[in-house]
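Please look over the model shown below with attention to its charged side chains and to how they pair across the chain. The briefing that follows is grouped by topic.

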Amino acid sequence: MGTLSSPLGSERHRDDTEVMTTPDPAHFEHHAALYDDARPPYPEELWQRLRDLSLLIPGGHALDLGAGSGQATGRLLAEGMHGTAVEPGVELGRHLHERFPQVSLLAATAEQVAIPDATFDIAVAATSIHWMDLSIVLPKISRALRPGGHLLVWRHIFGDPLSEATPFRQHIADIVSQRHAPPRPGPADVDTTGWATALVSGNFFTETHREEFRWAIRLDPAAVTKLFTTFSDWSADEVRQAAQAVKDEGGSVVEHYLTALIVLERL
Ligand SMILES: C[S@@+](CC[C@H](N)C(=O)[O-])C[C@H]1O[C@@H](n2cnc3c(N)ncnc32)[C@H](O)[C@@H]1O
């Protein structure tokens with residue numbers, strides 16, 4: 001069995017009969033140029049809830065972990081916050097810096113980055129916490145927050161398990177069922193309760209709010225190609241099959257997605 005290492009440290013294992021891939025944290029870096037355009041923004045209802053909970057503090061300091069091209073960072077700045085972004089992908093960081101030069105950019109993983117103690121009002125992990133080793137980052141984030149500071153964890157889930165199955169979703173399930181991929185460690189994407197439990201483990205944080213925001217989006221083959229290309233567990237051939245499935249459904253499909261939010265306070 002051979003092993004190929006990516007810049008972010010994941011591995012691809014190869015044997016004679018099949019290729020088994022583990023999700024690659026450098027996947028987003030390889031698609032940095034299209035990432036921002038391809039990914040739908042976080043729902044306005046989520047930002048409104050964060051405002052309602054007084055978590056977006058004008059003049060306050062936000063730490064954005066796994067910031068990517070700055071989708072969440074930009075909104076934090078628009079709320080009047082100062083931003084520090086942690087992003088290991090060099091190209092993603094370059095996009096972020098070009099868009100938001102006022103943000104302090106730390107080019108490292110959340111596990112490796114050096115961050116000052118008791119500095120931030122909030123730390124954000126937007127569709128990124130599942131890439132991090134919680135045993136390292138939870139104590140680190142806790143130290144970086146001011147007393148009473150909050151950790152905000154949210155993520156897009158591309159496929160709402162509570163929505164009615166569409167013919168397109170059935171195509172997607174068929175494509176995924178052909179894979180020989182080992183399960184990702186940690187709770188499943190849709191298991192918000194499992195994630196909340198993992199995030200309070202170690203007694204660094206207590207949960208103060210949990211909510212799921214359901215939304216829908218209409219996608220054509222070009223939008224599906226861009227979006228699914230950014231998914232770390234999708235191959236180029238699978239993306240082509242998904243785009244073809246949209247064509248087979250008449251040229252556009254409505255997708256039901258959700259964004260899960262977990263808010264935690266530093267203990
Ligand atoms: C799905 S993207 C989300 C990007 C951005 N937060 C957003 O909401 O658009 C996941 C991000 O996590 C980053 N990442 C992966 N492993 C990481 C780690 N160990 N520490 C920090 N960031 C990591 C990736 O480079 C990528 O930018």
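## Salt bridges and burial

In this predicted model, aspartate 37 and lysine 226 are joined through their side chains by a salt bridge with an N to O distance of 2.8 Å, where a salt bridge is a side-chain nitrogen of Lys or Arg within 4 Å of a carboxyl oxygen of Asp or Glu. Because aspartate 37 belongs to helix 2 (residues 32–38) and lysine 226 to helix 9 (residues 221–229), the pair ties together parts that are 189 residues apart in sequence; helices (H or I, at least four residues) and strands (E, at least two) are DSSP runs, numbered from the N terminus. By the salt-bridge rule, the count comes to 16 salt bridges.

The model is predicted, so local features need pLDDT of at least 70 and side-chain atom pairs count only at pLDDT 80 or more, whereas totals for chains, interfaces and linings use all residues. Residues are numbered from 1 along each chain as its sequence is written, and side-chain values use heavy atoms, with hydrogens and water left out.

**Accessibility of the aspartate 37 and lysine 226 pair**

- Aspartate 37 is exposed, at a relative accessible area of 55%, given that buried means under 20% relative accessible area, exposed over 50%, and partly exposed in between (1.4 Å probe, protein chains only).
- Lysine 226, with a relative accessibility of 30%, counts as partly exposed.

**The glutamate 79 and arginine 51 pair**

- A salt bridge also forms between glutamate 79 and arginine 51, whose closest N and O atoms are 2.9 Å apart.
- This pair links distant parts of the chain, 28 residues apart, with glutamate 79 in the loop between helix 4 and strand 5 (82–86) and arginine 51 in helix 3 (residues 44–52).
- Glutamate 79 is buried, at a relative accessible area of 17%, while arginine 51 is partly exposed, at 31%.

- Arginine 210 and glutamate 207 form a salt bridge in which the closest N and O atoms lie 2.7 Å apart.
- Arginine 210 counts as partly exposed at 37% relative accessibility, and glutamate 207 is partly exposed as well, with a relative accessible area of 28%.

**Glycine 74**

- Glycine 74, which lies in helix 4 (residues 71–78), is buried, with a relative accessible area of 15%.
- Between glycine 74 and valine 103 the C-alpha to C-alpha distance is 9.3 Å, and the two are 29 residues apart in sequence.
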